[in-house]
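Dear colleague,

I am handing over the structure below for your records. My findings follow it, and I would be grateful if you read them with the structure open.

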Amino acid sequence: MVKDPAADWGPDASIEYHVLDLVLLPETSERAIRTCMERYAEAGPHLRIALERYADEKNEGDETTLGLFRALHIMGAMRDTKAFAPLLRSLSRPSEDLELLLGDALTETLPRIVASVFDGNAEALFNAIADQDRDELVRDSLLRAATFLTWEGRIDRAVMIDFLRRFGSGDLSVDGEFVWHAWVDAISVLGLRDLRPLVIEALEKGRIDEFIFEREPFEEILQHAERNPSDTSRFDGLGMGYIDDVVGLLQEYSFDDDKVDDIDESSIHESISHQPAINPWRNVGRNDPCPCGSGKKAKRCCLAA
């Protein structure tokens with residue numbers, strides 16, 4: 001059994017000790033994660049302060065990037081709606097900052113984090129999706145979150161349909177941007193057959209990359225959504241849902257060992273915290289696997305990059 005890297009502070013220890021373990025330890029500590037979740041009334045404010053600082057660009061460096069990465073997933077698992085507004089602000093930061101913070105989670109778990117902390121402000125979410133100054137992968141993830149929230153009934157379906165129509169006009173995104181594929185997936189998984197002509201039109205006009213878009217899976221999911229609207233299996237591989245098993249999820253993530261082979265032990269945390277998160281256990285999606293061997297769908301892996 002692998003020893004937990006966090007100290008056993010005991011049940012009466014201040015929550016700050018466990019938060020520091022969460023933030024500073026290079027290895028993932030199940031003890032720190034579970035304690036912060038069990039005592040979230042105490043830990044939550046600390047995690048939100050870190051997010052607020054990041055959102056307002058007040059962080060003095062990248063030494064807390066790893067801790068914030070973990071904190072985001074914990075806030076998602078705890079359905080902390082107070083994190084929604086600062087998270088949206090954070091996601092307006094430059095692409096290189098977000099890649100450093102989220103790594104593969106930018107497309108893998110970010111949609112679930114956003115859905116999990118959603119506070120009901122659909123207007124703010126749609127405005128962020130429409131903001132063309134934001135990273136296109138962020139916008140893709142935000143639209144996936146909105147899609148799942150619509151299916152759940154937390155976003156009005158008519159409002160979502162109106163947004164998808166406006167997006168399909170081409171006014172809210174540049175042709176060929178990755179976010180078009182979240183738009184296509186939204187129409188299929190929500191069973192919006194009335195919007196199918198917009199997908200065909202977008203394909204014909206070159207707004208959607210033909211190499212990535214696959215007509216047959218689109219039609220199959222659309223039909224499945226119409227016939228079995230309550231079946232969640234169609235969300236598999238699309239990054240939609242909520243954050244649940246946060247311990248298992250965070251333990252799946254590691255950091256690029258090749259970049260720290262020559263780092264001495266005293267500086268290993270600083271070096272690791274500067275590397276984007278890499279998930280070596282990527283799931284195979286509904287399309288062909290990426291040629292790089294990652295196991296991800298091509299359109300969610302190297303093509304996204």
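Glu-226 is partly exposed, because its relative accessible area is 37%, which falls between the limits of 20% for buried and 50% for exposed. Please note that the model is predicted. Glu-226 forms a salt bridge with Arg-193, and their closest N and O atoms are 2.7 Å apart. Since Glu-226 belongs to helix α14 and Arg-193 to the loop between α12 and α13, this pair ties together parts that are 33 residues apart in sequence. Arg-193 also counts as partly exposed, at 32% relative accessibility.

A second salt bridge joins the side chains of Arg-79 and Asp-244, at 3.2 Å from N to O. Arg-79 lies in the loop between α4 and α5, and Asp-244 in the loop between α14 and α15, so this pair ties together parts that are 165 residues apart in sequence. Arg-79 is partly exposed, with a relative accessible area of 32%, whereas Asp-244 is exposed, at 54%.

The whole structure contains 16 salt bridges. Among them is the one between Arg-39 and Glu-42, with N and O atoms 2.9 Å apart at their closest. Glu-52, Asp-56 and Arg-89 are linked in a network of salt bridges.

Ala-202, in helix α13, counts as buried because its relative accessibility is 0%. Beyond its neighbours within four places in sequence, Ala-202 is in contact with Trp-180, Trp-183, Arg-207 and Ile-208.

As for the chain as a whole, there are 16 helices and 2 strands, and buried residues make up 54% of its 305 residues.

Yours sincerely

Definitions and conventions:
Residues numbered from 1 in each chain as written. Predicted model: local features only at pLDDT ≥ 70, side-chain atom pairs only at ≥ 80, totals over all residues. Heavy atoms only, no water. Helix = DSSP H or I, 4+ residues; strand = E, 2+ residues; numbered from the N terminus. Buried < 20%, exposed > 50% of the residue type's maximum accessible area, 1.4 Å probe, protein only. Contact = heavy atoms within 4.5 Å. Salt bridge = Lys/Arg side-chain N within 4 Å of Asp/Glu carboxyl O.
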